[in-house]
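Dear colleague,

Please find the structure for your review below. My notes on helix packing and salt bridges follow it.

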Amino acid sequence: RSSPVQAKALIVGGGVMGASIALQLARRCHPYKQPVVLLEKGQMGGGSSGSSGALLRQHYEERAIASVARDSIREYAGFEAKTGRSVGFRRTGVLTIAGPEAPRMMERVRSNIAAQAKIGIRTALLDAAGIRQRIPGIEVHDQAIGAWEPGGGYVDPQLCLREFAALARTYGAATRTGVDIEGLQVSNGRVHGVQTSQGEVRAEQVVIVAGAWSRRLLEPHGVLLPVRVARVEQHFLSLPGETPEAGQESAIPAVNLEDPLEEEAERLRHTEEPLVGAEHPVLIDLEYGYYARPEPLLRRTRICPIVYERGQIFDEPTRDLSISEARAREAREKLCRRLPFYRDQAPAGSQVSWFPLTPDGRAVMGAVPQIEGLFVATGFADHGFKLAPSVGEGMAQLMTGEALSAFDKDYFGLQRFNRPPADEDWSGTLFL
């Protein structure tokens, strides 16, 4: 019988969060004396990460989340200059709009902009004329307002995850796919490793980054983790106008500034030349309840709902990948009502995504109080790519005994849940 694998730190889950944590831990740990191991039951990015729109924005009401998104987008902006690796970072700007039919949303946009200014996030308040200037041809009410984030945009989800994992391996981490976790090994109030489909893996520390499947691993040990999943249909239309040639999207020039985002954000904030056609900004529509994100390499635009209904919530992902023709039609109608230049565009497919979420809309990350050496990071809904660099750094800080500066451990901590949530707590929360 072979000896069990030994690890200093074991990461369970191969999405963008798992890869980011592996990268940050590997940077801090000796590759032979303190090995870092990541295990994934399927393929890297096989869960919600692989089907994400990978938006990057900072428009959050809560300072604790906005600051994590701010630091993450700065990391993305300088990633290629620091590492020589591209994650497909594209700074298109993000426009969040609200109209007079939803006055509370309009007030939220205004208050968010004011709160974000206090922590160095540059967002401009636009009136209807400003919105129309940013996206020529958009249909908005004359009293509509928008939050314009010039530094926002997106990354390529598959490329980003792949490069995070590859860089983690260059620092000495091991990533293994096709390994199913059968259970945690816990005794005397401490975690000692996991039992897998391929044998035992012993570890001084274990971090669970397995989305909704995290519940299955923690509940046998008396740990309440109220994470469920929302089933979301995402639909695609072909891009209007010209699209970049293959490979152009990833050809982001290297930036060698101390803070690359700040200078670029200042330039884009004052530019009067809008992006057009396939290059229009990411649009988050609080009135119609969706976001639209151009994907030039795939010659399509993604339309994704940003709210969920009670009937869309499940304990774990199911095998149901069916697409509702009614929802596909509704998504198209909403986008074309807002952006009429999509009216003649052909459908470009649909997909089902599963987003892990908590009843209060906040992720859960940090130490598990009941079990020494055990950590968790899950429930990010559709926020994963927006927060991943800072979450990876923060979890590595916690696990190596550094002072935690990357996020607020009390705000995101597991201890805030002391009772099972009622079903009615789960519906209506905004993903974004």
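How are α1 and α5 oriented to each other? This is a predicted model, in which local features need pLDDT of at least 70 and side-chain atom pairs count only at pLDDT 80 or more, while totals for chains, interfaces and linings use all residues. Residues are numbered from 1 along each chain as its sequence is written, and side-chain values use heavy atoms, with hydrogens and water left out.

Helix packing

The axes of helix α1 (residues 16-28) and α5 come within 8 Å and cross at roughly 25 degrees. Helices are DSSP runs of H or I with at least four residues, strands are runs of E with at least two, and both are numbered from the N terminus. Axes are lines fitted to C-alpha atoms, for helices over the stretch in contact, and angles run from 0 to 180 degrees between N-to-C directions. α1 and α5 are therefore roughly parallel to each other (angles under 35 degrees count as roughly parallel, over 145 as roughly antiparallel, 65 to 115 as roughly perpendicular and the rest as oblique). On the α1 side, V16, A19, S20, A22, L23, A26 and R27 meet L161, F164, A165, L167 and A168 of α5, where contact means heavy atoms within 4.5 Å.

Helix α2 (residues 63-83) also packs with helix α5 (residues 157-170), at an angle of about 45 degrees and with the axes 13 Å apart. That makes α2 oblique to α5. Y76, F79 and T83 of α2 make this contact with C160, F164 and L167 of α5.

Salt bridges

The count comes to 22 salt bridges, each being a side-chain nitrogen of Lys or Arg within 4 Å of a carboxyl oxygen of Asp or Glu. In one of them, E163 pairs with R85, and the closest N and O atoms are 2.8 Å apart. This pair links distant parts of the chain: E163 lies in helix α5 and R85 in the loop between α2 and β4 (94-98), 78 residues apart. E163 counts as buried at 14% relative accessibility, whereas R85 is partly exposed at 22% (buried means under 20% relative accessible area, exposed over 50% and partly exposed in between, with a 1.4 Å probe and protein chains only).

R231 and E233 form another salt bridge (3.3 Å, N to O). R231 is buried at 8%, and E233 is buried at 5%. A further salt bridge joins D360 and R362 (3.8 Å, N to O). D360 is partly exposed at 34%, as is R362 at 24%. Salt bridges that share partners also join R215, E219, R228 and D315 into one network.

Yours sincerely
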